[in-house]
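Please consult the sequence and the model while reading the points below.

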Amino acid sequence: MASGGLRARSRAALASGPTLAAFREPGYPALWLSGAAGAFGMSVGLVAIGWLALEVSDSALAVGATFAARFVPSLVLGIPLGGLVDRFDRRRTMVVVYFVAALPVVGAAGLAAGGQLGLAALIALSLVLGVLDTIRGTASQSYAFDLTGPEGATNAIALGHLGGFLLGFVGSISGGLALENYGAGAAFLLVAAASVAAAVILVLGGRQARRARDEPREAPSFRRSVTLIGRNRLVALIALVVIVGEVLGFSSLTVYPTFARDVLHSDATGLGALAAARNVGAIVGLLLLARLGLGGRGGRLLLSAAFGLGIALLGFALSSSFALSLVLLLAVGAAAAALDTLGQSLIQRSVDDNERGSAMGVWYFAIGFGPIGHLTLGAAAAAVGAPVALAISGGLLALIAAALSGVRALRRLA
């Protein structure tokens, strides 16, 4: 399990003030700023890719395929890449990934400027970014645990997501405005600039976690990473909740462009506002989670977040008012952010220190099932309409979360 030094430092941080405790840890402020800059760029990119996919195809299914492509690498490579992250320095890994991520986005900007950015190119871009997302995310959440230890991990991960949603709010609005006023090329250059900034912040202000020097780093092992799911029942159960939430809840990203244009009768700026509302809700939810912590009820909170996400999506699907939709997306954002944060924290708390990268690899493997949800929801939206499709998806998520509350091992997760 975690070393005594890590435990002592996390206890001291929590004692100094629960909400912002992680900022007391050396290296964490740079990690937070870097993650926030990266989230800004990701939000701009998601708005740009989603809107452009809809424009070039006029198909909710095509939008679903584009977003699904970003999650395929998590499903195929999440587990082995998690084992890889356990071997290499996590901060340096993030620096390299952020620099590399700027390259395909600059290429997309060039294609957009030349009028050659079609659906195939958008899907290819999503695939490449998905690989880089998997490596960066696994390294980032494991590094946050390195810095704060098991008792401070939920606070650190929640604050990290908070920074992401704060800048994501700005990024969503900026992405819509950049598309509307300057075109796709400018939006993608903004993504690239944010990725480079994230890398530079880690280079200038980062500090490696003070791990116990006598703790060996195991060589990456696909076999050992895969068997973690079978060896550790808690990891398997947490992964199941994540898969259900991803397929039935987070897949809603596919139909937001359709809702913005065809249900709420808005434009790219309106789509940015819908994304911003989710980010505001996430900010509120993460502040509460960072303040309150797990309190010995991690499993119940995880299941409550999944249930709340389903109910909020059901309400959004039934709304035809732009203002009401914004309010409902506040709840969607809060529940989704809590589900992500709790899943990442609990899955790492359920394993030994030398398997935390592998545990996060399992988490990314779980979210890799997202393409099933994106494609299914996109096809359903094309067949029966986005409101009906999303209502069914949200209702199923709430029902399954309620059923899983009967699993004692999940309820008792601390």
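A residue is called buried when its relative accessible area is under 20%, exposed when that value is over 50%, and partly exposed in between, using a 1.4 Å probe and protein chains only. The structure is a predicted model, in which local features need pLDDT of at least 70, side-chain atom pairs count only at pLDDT 80 or more, and totals for chains, interfaces and linings use all residues. Residues are numbered from 1 along each chain as its sequence is written, and side-chain values use heavy atoms, with hydrogens and water left out. Helices (H or I, at least four residues) and strands (E, at least two) are DSSP runs, numbered from the N terminus.

**Salt bridges**

- A salt bridge is a side-chain nitrogen of Lys or Arg within 4 Å of a carboxyl oxygen of Asp or Glu.
- Side chains of opposite charge can pair when their charged atoms come close.
- The whole structure contains 4 salt bridges.
- One of them joins Asp58 to Arg261, with the closest N and O atoms 2.8 Å apart.
- Because Asp58 lies in the loop between H2 and H3 while Arg261 lies in helix H9, this pair ties together parts that are 203 residues apart in sequence.
- Asp58 is exposed, at 52% relative accessible area, whereas Arg261 is partly exposed, at 31%.
- Arg261 also forms a salt bridge with Asp262, where the closest N and O atoms are 2.9 Å apart.
- Asp262 is partly exposed, with a relative accessible area of 39%.

- Asn232 is found in the loop between helix H7 (222–231) and helix H8 (233–248).
- Asn232 counts as buried because its relative accessible area is 16%.
- A polar contact is a pair of N or O atoms within 3.5 Å; within protein, one must be able to donate a hydrogen and the other to accept it, and residues adjacent in sequence count only if both atoms are side-chain atoms.
- The side chain of Asn232 reaches the backbone nitrogen of Leu234 at 3.1 Å and the backbone oxygen of Ser350 at 2.7 Å.
- Apart from neighbours within four places in sequence, Asn232 is in contact (heavy atoms within 4.5 Å) with Ser350 and Val351.

**Phe307 in helix H11**

- Phe307 belongs to helix H11 (residues 298–317) and is partly exposed, at 38% relative accessible area.
- When neighbours within four places in sequence are set aside, Phe307 is in contact with Ala398, Ala401 and Ala402.
- Phe307 and Ala402 are 95 residues apart along the chain, yet their C-alpha atoms are separated by 6.6 Å.

**Aromatic pairs**

- Rings of Phe, Tyr and Trp (its six-membered ring) pair if their centres lie within 6.5 Å; planes under 30 degrees apart count as stacked, over 60 as edge-to-face and the rest as tilted.
- The structure holds 6 aromatic pairs.
- In one of these, the ring centres of Phe23 and Trp32 are 5.6 Å apart and the planes meet at 65°, so the pair is edge-to-face.
- Phe365 and Phe369 also form an edge-to-face pair, at 5.4 Å centre to centre and 85° between the planes.
- Phe23 is partly exposed at 29% relative accessibility, whereas Trp32 is buried at 17%.
- Phe23, Tyr28 and Trp32 form one aromatic cluster.

**Residues with positive phi**

- Asp58, a residue other than glycine, has a positive phi near 55° and lies in the loop between helix H2 (28–57) and helix H3 (60–85).
- His265 likewise is not a glycine and has a positive phi of about 55°; its place is in the loop between helix H9 (256–263) and H10.
- His265 is exposed, with a relative accessible area of 65%.
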